[in-house]
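Subject: Handover of a structure

Dear colleague,

Please find the structure below, together with its sequence.

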Amino acid sequence: MSLKDWLQRALREGWAVPHFNISNLEQFKAIVAACQKLASPVLIGTSEGEVDFIGLLQARALADAYKKETGLPIFLNADHFHSVERAKAAVDAGYDSVLIDLSKQPYEENVTGTKIVVEYAHKKNVDVEAELGYLVTDSSKIYTESFVIPPESLTKPDEAENFVRESGCDRFSPAVGELHGIAANTPQLDMERIANIRKRLPDSVAMVLHGGSGIPDEQMREAVRLGFNNVHVSTELRVAYTDALRAALKKYPQETAPYKYAADAVLAVQQKIEEKMKLFGSVNRI
Ligand SMILES: [Zn+2]
């Protein structure tokens, strides 16, 4: 089954394929362990910053190795690539999917750039995600401040329909009240807008929710029920990893073997992933 097949099945059955970010082997290990335990498909993402650290070819090789060993449906996504050139490089490196994120650019430039990536990627059977509307934060971290979501940042259903048709993207990410990272205030997703946008999209196009960290479970369940069939989570995994690693370094001050002190961090990330898989309904789907 291709990534598209999985997403269409998820939409039909009312659940979401999870998307988790990585920049090292430990995070990758944790994701695969959770997929194996709970029989869930997964989309693994690397942002531009994460790729600068781990490498496109290296991420691809890791995914291939884990797929070969486990037989799991593990797909790789270039997450928020902000230029056509970088998106093409991810396609060339053998990624399964790229998110060309030109959402901060004017509508016409967003469509034009996305179309170029779609034409390039589809020749190599690579899926393309695109965004319209923008999120007020870019970083997957904990913010001490609160954020107000400006109405003009939200995606308009009419524009969403036109954008998807004109750009030819396979997955569409709207702005519906979510933000990247975890803010001091609780996000309020605009459920009516979510339902209206989903109605305008063909079933073959997946709808993607970014900023899955910090969204209360009840809102998340409703968002998935209304048609988000792919959800991104990064910050909560980063926090789980970093907190566990800090605690382990403190707990074993004499330990110098990374594979020993990092084991706690792998387990913490795995537990957080399992929680999210259960919440998204992606468990026991293989
Ligand atoms: Zn995102």
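A residue is called buried if 20 or more other C-beta atoms lie within 10 Å of its own, exposed if 12 or fewer do, and partly exposed in between, with C-beta atoms placed from the backbone. Helices (H or I, at least four residues) and strands (E, at least two) are DSSP runs, numbered from the N terminus. The model is a predicted one: local features need pLDDT of at least 70, side-chain atom pairs count only at pLDDT 80 or more, and totals for chains, interfaces and linings use all residues. Residues are numbered from 1 along each chain as its sequence is written.

I begin with helix 4. In this helix, Leu56, Ala59, Leu62 and Ala63 are buried. Viewed down the axis of helix 4, the buried residues fall within an arc of 135° (taken from the directions from the helix axis to the C-beta atoms), so they line one face of the helix. Leu57, Ala65, Lys68 and Glu69, on the other side of helix 4, are exposed. Among the elements that cover its buried residues are helix 2 (25–38), strand 2 (42–47) and helix 5 (84–92). After helix 4 comes Gly71, with a positive phi near 70°.

Eight of them form a closed barrel in the order 1-2-3-4-5-6-7-8, with parallel pairing; two strands pair if DSSP finds at least two bridges between them. From one strand to the next, the twist averages 25°, where axes are lines fitted to C-alpha atoms, for helices over the stretch in contact, and angles run from 0 to 180 degrees between N-to-C directions.

Strand 6 pairs with strand 5 in the parallel sense over four bridges, and Glu131 stands opposite Ser173. The bridge partner of Arg171 in strand 7 is Ala206, and that of Phe172 is Met207. From strand 6 the chain crosses through helix 8 (residues 191–200) to strand 7, and this β-α-β crossover is right-handed.

Yours sincerely

Conventions. Two residues are in contact if their C-beta atoms, placed from the backbone, lie within 7 Å. A crossover is right-handed if, with the strands pointing away from the viewer, the path from the first strand over the helix to the second runs clockwise.
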